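Open the structure in your viewer and show it as a cartoon. Keep the selection tool at hand.

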Amino acid sequence: MSAHWTLDDLKEWVKRLLAERRVFAPVEGPDGPEWREVSTVDAIAWNYGRTAISPRAAMIPRAEPIFHYDLASDPPQIEEPALDERPAAIVALRSCDAAGFRALDAVMRWDYEDESYEARRRNTLLVALACPAPPEPASCFCESVGVDPLWAEGADVQIEPVQTQEGTLYRVYAPTEAGRVSLAGSPKELSEGRPEPRSIGTVRVDVDRVRAWMKDHFEDPSWQKVSESCIGCGTCAFVCPSCHCFDILDEGDWRRGERVRFWDSCAFDHFTAHATGHNPRPRQWNRYRQRVYHKFVFYPDKFGKLLCTGCGRCVDACPGGVDLIEILQGLGEEEQVKP
């Protein structure tokens, strides 16, 4: 058997997945590639750069009912929706997005196991596609935050494009039992081990220096300066693969309706507002500082890994032009050059 797969070989395998699972994959849209549930392999964009929004919604929907209530009935009724345990696969996942799911795992399995998240997570196959080169625009810094663009830790199947005289072929790896089961019966050979680590030339950020500086400079006036352009829109959180903050709202009236969990953002001015009217983060710079500290200090101190996966989406999407890479590269810079 050949160790190299053709694109047609991959498509045949994904056809088998489609017969057994819901499949989410990058699809070319009017504004570039985007994540969608697909019904045919021909819809999948195998040679895509980066989607504008991460595939997080496949695991944590943007809005999700927690329970339905009918207080006008006799007796009053409260009913939880059934857990979504449908088998699924996320295909052609980049390493930065796979790292986002690892970050979500730590939070959702922390002091309380989120049943809704866990039902989807344990029934979803992660199929990663290596990044042979940084996507454009050049705002990816995954290698600086410990993410290997050629190998997605935690993925069940890893696909590696290989340039040959015959064109682009692929090596396929199955690091987990779930991956091996999904590939059982394939006429093509699976590759062993993992690709040799090498840099693909992403933007460099000295994260260790940044973290060391941040731990002693929470009240530094530079936070006000670097966040001047932040308008509190929450776009950075909504495109991010690892953001997980949510709010809960009752939709309906006192008689009947539903309680819904939906995505939230620490950039919103009401995010930390108390019922008394007090807000411990009263200014936008307080809120932006919190976002950066959560990604690079608070979360890693608790869980041992950075919360930022270096995908660069927040840089590309910010309508105010806030550039996280420039901010990280500049933090403490003046102090460092002082004699």
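The tour visits a helix, its neighbour and then a sheet.

This is a predicted model: local features need pLDDT of at least 70, side-chain atom pairs count only at pLDDT 80 or more, and totals for chains, interfaces and linings use all residues. Residues are numbered from 1 along each chain as its sequence is written, and side-chain values use heavy atoms, leaving out hydrogens and water.

**Stop one: helix 8.** Select residues 284–303, the 20 residues of helix 8. Helices (H or I, at least four residues) and strands (E, at least two) are DSSP runs, numbered from the N terminus. From first C-alpha to last, helix 8 reaches 27 Å, close to the 28 Å expected at 1.5 Å a residue; the expected span is 1.5 Å times one less than the number of residues. Step just past helix 8 to G304, which has a positive phi of about 90 degrees.

**Stop two: helix 5.** Which residues of helix 5 meet helix 8? They are V207, R211 and M214. Their partners in helix 8 include Y293 and F296. Contact means heavy atoms within 4.5 Å.

Four strands form an open antiparallel sheet, in the order 4-3-10-9. Its edge strands are strand 4 (77–79) and strand 9 (246–252), each pairing on one side only. Strands pair if DSSP finds at least two bridges between them. Select 256–263 for strand 10, which pairs with strand 9 over seven bridges. Finish on D250, whose bridge partner in strand 10 is R259.
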